[in-house]
Amino acid sequence: MGTNELLLDDSTRLAARARAAGVDVILDVTADVPHVFQSFAGVLDEADEALDRAAFFLGQRIGAGGRVRTSAE
């Protein structure tokens with residue numbers, strides 16, 4: 001998500017509500033990038049870095065057999 005994102009406020013509220021419900025959430029906000037900047041992977045360094053962070057987050061939370069661990073585990 002970029003700081004210029006039209007849906008930034010909605011994303012912030014969704015992350016807060018998910019966190020309050022016990023969901024393990026990281027809202028990754030990148031400065032000065034356009035909407036869906038991640039689609040520019042291979043072109044924008046910020047896109048590559050954001051996708052790497054997302055992959056790391058998911059990799060840490062997906063257990064054996066594809067089961068997603070919750071923050072309570």
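Visitor: Is Arg13 buried, partly exposed or exposed, and what is its relative accessible area?
Guide: This is a predicted model. Buried means under 20% relative accessible area and exposed means over 50%. Arg13 falls in between, so it counts as partly exposed, with a relative accessible area of 49%.

Visitor: Which residue meets the side chain of Arg13 in a salt bridge?
Guide: The contact runs from N to O, at 2.4 Å. A salt bridge needs a side-chain nitrogen of Lys or Arg within 4 Å of a carboxyl oxygen of Asp or Glu. Arg13 brings the nitrogen, and its partner is Asp10.

Visitor: Where do Asp10 and Arg13 lie?
Guide: The two residues are three residues apart. That is about one turn of the helix. Asp10 is partly exposed, at 40% relative accessibility. Both residues lie in helix H1 (residues 8-20).

Visitor: How many salt bridges does the structure hold?
Guide: Asp10 and Arg13 form one of them. Arg61 and Asp24 form another, at 2.6 Å from N to O. Arg53 and Asp28 also meet in a salt bridge. The structure holds three.

Visitor: How many residues apart are Arg61 and Asp24?
Guide: Their side chains meet in a salt bridge. The pair links distant parts of the chain, with Arg61 in helix H2 and Asp24 in the loop between H1 and H2. The separation is 37 residues.

Visitor: Which counts as buried, Arg61 or Asp24?
Guide: The cut-off for buried is under 20% relative accessible area. Asp24 has 33% relative accessibility, so it counts as partly exposed. At 16%, the buried residue is Arg61.

Visitor: How many residues apart in sequence are the parts that Arg53 and Asp28 tie together?
Guide: The side chains of Arg53 and Asp28 meet in a salt bridge of 2.6 Å, N to O. Arg53 lies in helix H2 and Asp28 in the loop between H1 and H2, so the pair ties together parts of the chain. Those parts are apart in sequence by 25 residues.

Visitor: What are the relative accessibilities of Arg53 and Asp28?
Guide: Arg53 counts as partly exposed. Asp28 is partly exposed as well. The values are 37% for Arg53 and 26% for Asp28.

Terms used
Residues are numbered from 1 along each chain as its sequence is written. This is a predicted model: local features need pLDDT of at least 70, side-chain atom pairs count only at pLDDT 80 or more; totals for chains, interfaces and linings use all residues. Side-chain values use heavy atoms; hydrogens and water are left out. Helices (H or I, at least four residues) and strands (E, at least two) are DSSP runs, numbered from the N terminus. Buried means under 20% relative accessible area, exposed over 50%, partly exposed in between (1.4 Å probe, protein chains only).
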